[in-house]
Amino acid sequence: MNDLKDLYQEVILDHQRNPRNFALLPTANRHAEGLNPLCGDHVTVYLDVQDGIIRNISFQGDGCAIAKASASMMTSVVKGKTLAEASETFKRFHQMVMGEDPCFDLESVGKLAAFSGVSAFPVRVKCASLAWHTLNAAMNAKVAGDSAAAVTTEIGKGNTK
Ligand code: ZN
């Protein structure tokens with residue numbers, strides 16, 4: 001079990017050092033900004049959604065190691081998924097980091113399980129889930145042209161206006 005934990009930490013460190021999809025996305029038709037004032041993490045998630053599928057995704061921002069690694073892994077996991085699949089993955093990730101279900105099947109979230117240990121650290125839960133809440137806001141945002149969605153971890157469970 002310890003080896004498994006080490007592996008998970010390796011995954012998080014890897015994503016923090018070499019963030020995936022860390023860029024602007026010129027083809028984005030939806031985006032949202034997220035803020036975690038408690039830690040100072042901020043992230044903007046850009047989505048290129050075509051026919052209900054996330055064709056491309058990127059993020060920008062800055063924050064602690066957990067927030068950056070989580071955003072990086074989130075983008076690599078949901079790219080190519082349908083909006084419904086991405087939404088389901090968000091729910092599972094959220095359940096996992098909130099530690100809501102002790103029988104949670106970690107295999108169902110793949111490498112996202114690297115963040116399961118976060119549930120033991122309430123302050124870090126917001127860091128780990130920020131990018132996901134922001135993704136959720138972006139998925140629910142209207143297409144480009146309308147005002148961008150914004151999300152903050154300080155609004156409690158509701159994450160859109
Ligand atoms: Zn943080």
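The structure is a predicted model, in which local features need pLDDT of at least 70 and side-chain atom pairs count only at pLDDT 80 or more, whereas totals for chains, interfaces and linings use all residues. Residues are numbered from 1 along each chain as its sequence is written.

Helices (H or I, at least four residues) and strands (E, at least two) are DSSP runs, numbered from the N terminus. Within α3, Ala-86, Thr-89, Phe-90, Phe-93, Met-96 and Val-97 are buried (20 or more other C-beta atoms within 10 Å of the residue's own, with C-beta atoms placed from the backbone; exposed denotes 12 or fewer, and partly exposed the values in between). These residues lie on the same side of α3 because they cover an arc of only 130° around the axis (the arc of the directions from the helix axis to the C-beta atoms). An α-helix has 3.6 residues a turn, so residues three or four places apart point the same way. On the other side of α3, Ala-84 and Lys-91 are exposed. The buried residues of α3 pack against β3 (53-62), α2 (65-78) and α4 (122-140). Just after α3, Gly-99 adopts a positive phi of about 65°.

Leaving aside neighbours within four places in sequence, Ser-58 is in contact with Asn-21, Phe-22, Ala-23, Leu-24, Leu-25, Tyr-46 and Thr-75 (contact requires C-beta atoms, placed from the backbone, within 7 Å). Ser-58 and Met-74 are separated by 16 residues in sequence and by 9.6 Å in space, C-alpha to C-alpha.

How values were computed
Two residues are in contact if their C-beta atoms, placed from the backbone, lie within 7 Å.
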